[in-house]
Amino acid sequence: MMFTCTPPGCPEARHDNCPAGARRRLLAAARASASTRVVRSRRGKSLRIDIHCHYLNQMAAAKVAHLDPAQHEPSVAFANALTREVNVRQMRDRAHKLSTIEARLRDMDRMGIDMQAVSPAPNQTYYWTEPGLGTDLARMINDRLAEIVATWPDRFVALGTVPLQNVELALAELERCLKQLDLRGVEINPSVNGMDLTDPRLNLEKFFARAQDLGAVVFMHPIGFTQGERLVDHYFNNVIGNPMETTIAASHLIFDGVMQRNPKLKIILPHGGGYLAHYWARMDHAYRARPDCRTVIKRAPSSYLKKMYFDTITFDSQMLRHLIDQYGPGHVLLGTDYPYDMGEQDPVRLVGGVPRLKAAQRDMIEGGNAARLLRIGR
């Protein structure tokens, strides 16, 4: 593990090697501190919270290394030699940021970020593993995230992961995340082993219903487009594929009725909401024009899309202005995609550059909305 700071109660310099007793004490501290502590704004100013940032659990990665995980990842499978070379170089240069908290804290301070809602590296959902192993990996990842929160409670909250390849195991881990570890939700991928989230074979209706009941944030992050044969060059399976994967998944959640049946479900779409957030009118037209586009839902598709939430990663202040105009400042949250090269390096400047944005709206976007969704006290 690349994490090297020794937290209280752990005798090891390398934290992931600490004894089971110390790890249990840290998990207990995570529950106690997160449930009783009030997070105060910095110097009287509104809190800035990054909703979109990742942590790589190297112990989990080592546990599956012999299974060749890359063969199951669209971002690797549909990439040419140059893209793979650039990605290897990126991991070499940024791995310490993914797994070392000290480097992360320095970058947060530089970027003006008070807290991160840290989630797993998107490829660490491990849906391709058999369910028992997938559960073990999820627990390992979630326990580590809880330890990070316990050690730096004023800088982090966390979103965990669950093994969606088996809904009953996913439900059990979701309960553990929210009730035992006090994580604030989960990160999921937009598809599971090539199946849409509404595919009857997955039976995930129970998952979404329980996530709504628990008030869990569901952060839906892609790992490339699953049918990316035409997206191999130019890093297209990320540049085009990630927003497309999000668009397809969100469309299924809408048209297959998940959002209608679970109106309080807190879905966050990354990368500015994919393409759907900016071309919603076409699906509304289809709903009006064609009976096969209204077999389940009873209202215009965009009315369900407006219940979702979106991060600010648009890379353009005018595009972000459009997102705010369409969905309201209460549904847009600051995000960075830290520490990847496709992330936003100066999120505060991006939000500050949005035309006609009132101070109260800026405070909502930079942290108020995240604090509300994630139940972060002031």
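Close-up 1. At 23% relative accessibility, Tyr235 counts as partly exposed. Keep in mind that this is a predicted model, here and in every view below. Tyr235 sits in the loop that runs between β7 and α9. Its phi is near 60°, which is a positive value in a residue other than glycine. Tyr235 will turn up again in the next view, as one of the residues closest to the centre of the largest pocket.

**Close-up 2. The largest pocket, with about 1200 Å³ of space inside.** The lining takes in 43 residues, and the ones closest to the centre are Ser75, Asn87, Tyr235, Asn238 and Tyr340. Which elements give two or more residues to this lining? They are α2 (58-64), α3 (74-77), α4 (81-99), α9 (236-239) and α10 (241-255). Helix α4 supplies the largest share, 5 residues. Sorted by class, the lining comes out as 24 nonpolar, 15 polar and 4 charged residues.

**Close-up 3. The second largest pocket, at about 230 Å³.** Here 19 residues make up the lining, and His72, Pro74, Asn189, Asn193 and Ile223 are the ones nearest the centre. How does this lining divide by class? Count 8 nonpolar, 9 polar and 2 charged residues.

**Close-up 4. An open sheet of 5 strands with parallel pairing.** Reading across the sheet, the strand order is β4-β7-β8-β9-β10. Strands β4 (185-188) and β10 (332-333) stand at the edges with a single partner strand each, so one side of each has no neighbour in the sheet. On the β10 side, strand β9 (residues 309-311) pairs with β10 in the parallel sense over 2 bridges. To find the spot, look for Phe310, which stands opposite Val332 in β10.

**Close-up 5. Strand β8 (residues 266-269), covered on both faces.** Is each side of this strand buried or exposed? Lys266 and Ile268 are buried on one side, and Ile267 and Leu269 are buried on the other. Which residue of β9 is the bridge partner of Leu269? That would be Phe310, the residue from the previous view that stands opposite Val332 in β10.

**Close-up 6. Aromatic pairs, two of them picked out from the 4 that a search of the whole structure finds.** In the Tyr126 and Trp128 pair, the ring centres are 6.1 Å apart and the planes sit at 80°, so this one is edge-to-face. Both Tyr126 and Trp128 are buried. Phe207 and Phe208 make another edge-to-face pair, with 5.2 Å from centre to centre and 70° between the planes. Phe207 is buried, at a relative accessible area of 0%. Phe208 is buried as well, with a value of 1%.

**Close-up 7. A charge over a ring: Arg299 and Tyr304.** Arg299 lies over the face of Tyr304. How far is Arg299 from the ring centre? The distance is 4.9 Å.

**Close-up 8. Asn203, with a positive phi despite not being a glycine.** The phi angle of Asn203 is about 55°. Where does Asn203 sit? Look in the loop between β6 (195-196) and α8 (205-214). With a relative accessible area of 37%, Asn203 is partly exposed. Tyr235 from the opening view also has a positive phi, near 60°, and is partly exposed too, at 23%.

**Close-up 9. A cis peptide bond between Tyr338 and Pro339.** Omega for this bond is about 0°. Pro339 belongs to the loop between β10 and α15 (347-352).

Terms used:
Residues numbered from 1 in each chain as written. Predicted model: local features only at pLDDT ≥ 70, side-chain atom pairs only at ≥ 80, totals over all residues. Heavy atoms only, no water. 1 Å grid on protein atoms, 1.4 Å probe; cavity = no way out; pocket = protein on both sides within 12 Å on 5 of 7 lines; lining within 4 Å. Points joined across faces, edges and corners; volume = space filled by probe spheres on them. Helix = DSSP H or I, 4+ residues; strand = E, 2+ residues; numbered from the N terminus. Nonpolar A, V, L, I, M, F, W, Y, C, P; charged D, E, K, R; others polar. Pairing = 2+ DSSP bridges. Phe/Tyr/Trp six-rings, centres within 6.5 Å; stacked < 30°, edge-to-face > 60°. Buried < 20%, exposed > 50% of the residue type's maximum accessible area, 1.4 Å probe, protein only. Lys NZ or Arg CZ within 6 Å of the ring centre and 35° of its normal.
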